[in-house]
Amino acid sequence: MRVSLVLIVALSWTGWWLTPDQRGQRLFRDKQYRQAAEAFTDPEWQGAAWYRAGEFEQAAQAFARGSSPDARFNAGNAWMLLGKYEQAIAEYERALKLRPGWKAAEENRALAEARAKLRETKGGDLGDQQEGADEVVFDLNKERGGQDTQIAGEQAASDNAVQAIWLRRVQTNPADFLRSKFAYQSALQQEGAAE
């Protein structure tokens, strides 16, 4: 009884001496991201906590209050996950003005531009659907009535480049990642065999 009382008094006593950002860091370390985001006053830490909590719009807004290139880059990433590519492109541009030649920001900007263009040409962004297919199946048997698709050399190269960038940035479970990677490699092998 006495030990628990001493522990409670010690914890509440240290709480009086911690800044909001220090409390936020403790909560962040303990993976209590929502509470950490509410505790933080630093916009970049707050954005990181909202991002980890899966609240990407709040993360983007918090990062937008920051002035560093990393804050702008992370705001772009949050907008990208929301499918708001124009905002993402603008944030990547701001990051590149603050840190010219930043490869990651250039790659993400190119990816956002490609996805925005895909949305325009296909009438929607197929990558951010709330409801998706139950299973992805690749039909490799041409005799069963599949259609051949002709793609111009420049388009194929740009599609492969976009896929390669996306595969480097993908964060998902290992099974989904490997399935996507093997499908991508298979497509490249088939493309090489067709030439």
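This is a predicted model: local features need pLDDT of at least 70, side-chain atom pairs count only at pLDDT 80 or more; totals for chains, interfaces and linings use all residues.

Visitor: What does the side chain of Lys103 meet in a salt bridge?

Guide: The partner of Lys103 is Glu107, with N to O at 3.9 Å; both residues lie in helix 8, four residues apart, which is about one turn of the helix. Glu107, for its part, is buried, at a relative accessible area of 14%.

Visitor: And how many salt bridges does the structure hold?

Guide: There are six salt bridges in the structure. One of them joins Arg72 and Glu91, whose closest N and O atoms are 3.0 Å apart. Because Arg72 lies in helix 6 and Glu91 in helix 7 (residues 85–98), this pair ties together parts that are 19 residues apart in sequence.

Visitor: Are Arg72 and Glu91 buried or exposed?

Guide: Arg72 is buried, with a relative accessible area of 11%, and Glu91 is buried as well, at 5%. Arg72 and Glu91 are also linked with Arg94 in a network of salt bridges.

Visitor: Switching topic, which residues of helix 5 are buried?

Guide: In helix 5, which spans residues 56–64, the buried residues are Ala59, Ala60, Ala62 and Phe63. Seen down the helix axis, the buried residues of helix 5 fall within an arc of 165°, so they line one face of the helix.

Visitor: What covers the buried residues there?

Guide: The cover over the buried residues of helix 5 includes helix 4 (43–52) and helix 6 (69–81).

Key: Residues are numbered from 1 along each chain as its sequence is written. Side-chain values use heavy atoms; hydrogens and water are left out. Buried means under 20% relative accessible area, exposed over 50%, partly exposed in between (1.4 Å probe, protein chains only). Helices (H or I, at least four residues) and strands (E, at least two) are DSSP runs, numbered from the N terminus. The arc is that of the directions from the helix axis to the C-beta atoms. Contact means heavy atoms within 4.5 Å. A salt bridge is a side-chain nitrogen of Lys or Arg within 4 Å of a carboxyl oxygen of Asp or Glu.
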